Amino acid sequence: MKQLLLFWMIAGAVSACIDRVSLPIRNEAPRLVVDGLITNEKPPYSVRLSYSGSFTFDQDTPQDQKITNATVTLKDDAGHSTPLVHSMFNQGYYQTTDSSFVGQPGRSYTLTVRLADGKTYVSAPEKMPAVPPIDSVYAKFTATESVTLPYQYYIYLDATDPAAQANYYRWTAFTYTARRSTGIPCCLGCPGKCYDRCWLKYFSQDITILSDNGVNGNRLRQRQVMRSPIYTPGPTLIEVQQFSMTPAAYQFWKLFKEQQSRTGTIFDPLPASVIGNIANASDSKDQALGYFGASAVARKRFRERGDETYGTAIYGYISSVLVPEGDCRQTYGYATPVVEPPGWL
């Protein structure tokens with residue numbers, strides 16, 4: 001009886017120490033978000049416009065509001081300009097339509113965005129730096145600690161950094177990798193199977209950037225730019241893109257990468273909006289999020305034959321994984337090619 005009485009006394013004391021606290025939820029006013037790039041490759045060039053969203057209790061990420069009624073113009077320092085037209089197929093995306101307006105290294109470019117409410121935002125001029133070529137691209141077959149993807153290709157490049165000037169780089173990449181299904185009969189009563197193999201496209205997810213400060217004029221070796229999954233024995237098709245950047249663009253991507261790499265510990269810096277190079281023409285304090293950049297691009301392709309994928313370990317693993325039944329196009333999407341995409345030797 002005494003023990004029961006003591007229990008209720010402790011429970012009452014604990015409950016008396018608990019107070020409900022209602023914390024205010026801070027919702028900032030929506031801000032213009034601009035994501036765009038002009039390169040030295042053939043147009044069209046695209047710009048994505050939206051308003052920043054706010055968090056709600058049932059969402060993990062803020063919901064952006066796409067802008068579909070803006071007037072967007074791109075001009076260079078030689079007096080040429082071209083409009084960007086809103087895409088009918090991608091909400092919030094604007095594209096150039098003038099095939100003669102092509103980005104050139106050494107020229108500066110400015111983006112102007114006029115919103116429906118009359119506010120006009122202008123980017124700081126971006127001078128497109130030249131970019132050196134990629135020397136080589138290659139892949140290393142790697143056994144990982146991932147349960148779902150125990151084997152992957154790590155994609156690397158080598159390049160030579162020019163010594164005459166400071167250089168800033170950003171790398172992206174994509175691969176085509178085959179995925180399997182059981183397939184369907186090639187014809188009524190045929191024993192052979194068709195549509196049992198489709199080629200899926202995978203894009204690099206990491207932000208890979210570099211300043212040549214400290215390595216100026218030297219060879220860039222084994223720069224990892226992507227990890228690509230392996231689902232079936234056979235080749236993997238790889239393309240790597242090397243972008244030049246201005247110092248301002250490099251700082252933007254550096255801060256953006258630091259924000260993404262925060263682990264959520266008490267030692268992380270406080271989160272803050274990463275401000276780009278676009279501001280209200282009438283109020284410099286009204287700055288947009290995102291960045292409009294000008295980059296020259298070098299591309300290089302490589303066909304990894306996939307000899308290691310026929311080894312005992314991976315072949316045994318892949319053979320043990322169940323593949324979906326039926327037409328691979330129905331499983332992975334009808335837009336996926338069923339034959340190896342051309343352009344890789």
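Two strands are taken to pair if DSSP finds at least two bridges between them, and strands (E, at least two residues) and helices (H or I, at least four) are DSSP runs numbered from the N terminus. The model is predicted: local features need pLDDT of at least 70, side-chain atom pairs count only at pLDDT 80 or more, and totals for chains, interfaces and linings use all residues. Residues are numbered from 1 along each chain as its sequence is written, and side-chain values use heavy atoms, with hydrogens and water left out.

**Strand E18 and its partners**

In E21 (residues 297–304), Phe302 is the bridge partner of Ile238. E18 and E21 are antiparallel and share eight bridges. E12 is likewise joined to E18 by eight bridges in the antiparallel sense, and in E18 the bridge partner of Arg170 is Phe243.

Strand E18 (residues 236–244) is largely enclosed by the rest of the structure, because nine of its nine residues are buried (under 20% relative accessible area with a 1.4 Å probe, protein chains only; exposed is over 50%, partly exposed in between). Both faces are covered: one side carries Thr236, Ile238, Val240, Gln242 and Ser244, and the other Leu237, Glu239, Gln241 and Phe243, all of them buried.

**The three-stranded sheet**

An open sheet has the strand order E10-E11-E17 with antiparallel pairing. Its edge strands, E10 (134–143) and E17 (219–229), each pair on one side only. Neighbouring strands of this sheet are turned by 25 degrees against each other on average, direction ignored; the axes are lines fitted to C-alpha atoms. E11 (residues 151–160) and E17 are joined by eight bridges, and Thr160 has Arg219 of E17 as its bridge partner.

| Strand pair | Bridges | Sense |
|---|---|---|
| E11 and E17 | eight | antiparallel |
| E12 and E18 | eight | antiparallel |
| E18 and E21 | eight | antiparallel |

**The second largest pocket**

A pocket is an open set of points on a 1 Å grid over the protein atoms alone, where a 1.4 Å probe fits and protein lies on both sides within 12 Å along at least five of seven lines; lining residues have an atom within 4 Å of a point. The second largest pocket has a volume of about 310 Å³, the space filled by probe spheres set on the points. Its lining comprises 17 residues, of which Arg180, Tyr231, Ile318, Val321 and Val323 lie nearest the centre. Strand E12 (168–180) and helix H3 (312–320) each supply at least two lining residues, and H3 gives the most, with four. By class, the lining has twelve nonpolar, three polar and two charged residues; Ala, Val, Leu, Ile, Met, Phe, Trp, Tyr, Cys and Pro count as nonpolar, Asp, Glu, Lys and Arg as charged, and the others, Gly among them, as polar.

Methods: Axes are lines fitted to C-alpha atoms, for helices over the stretch in contact, and angles run from 0 to 180 degrees between N-to-C directions.
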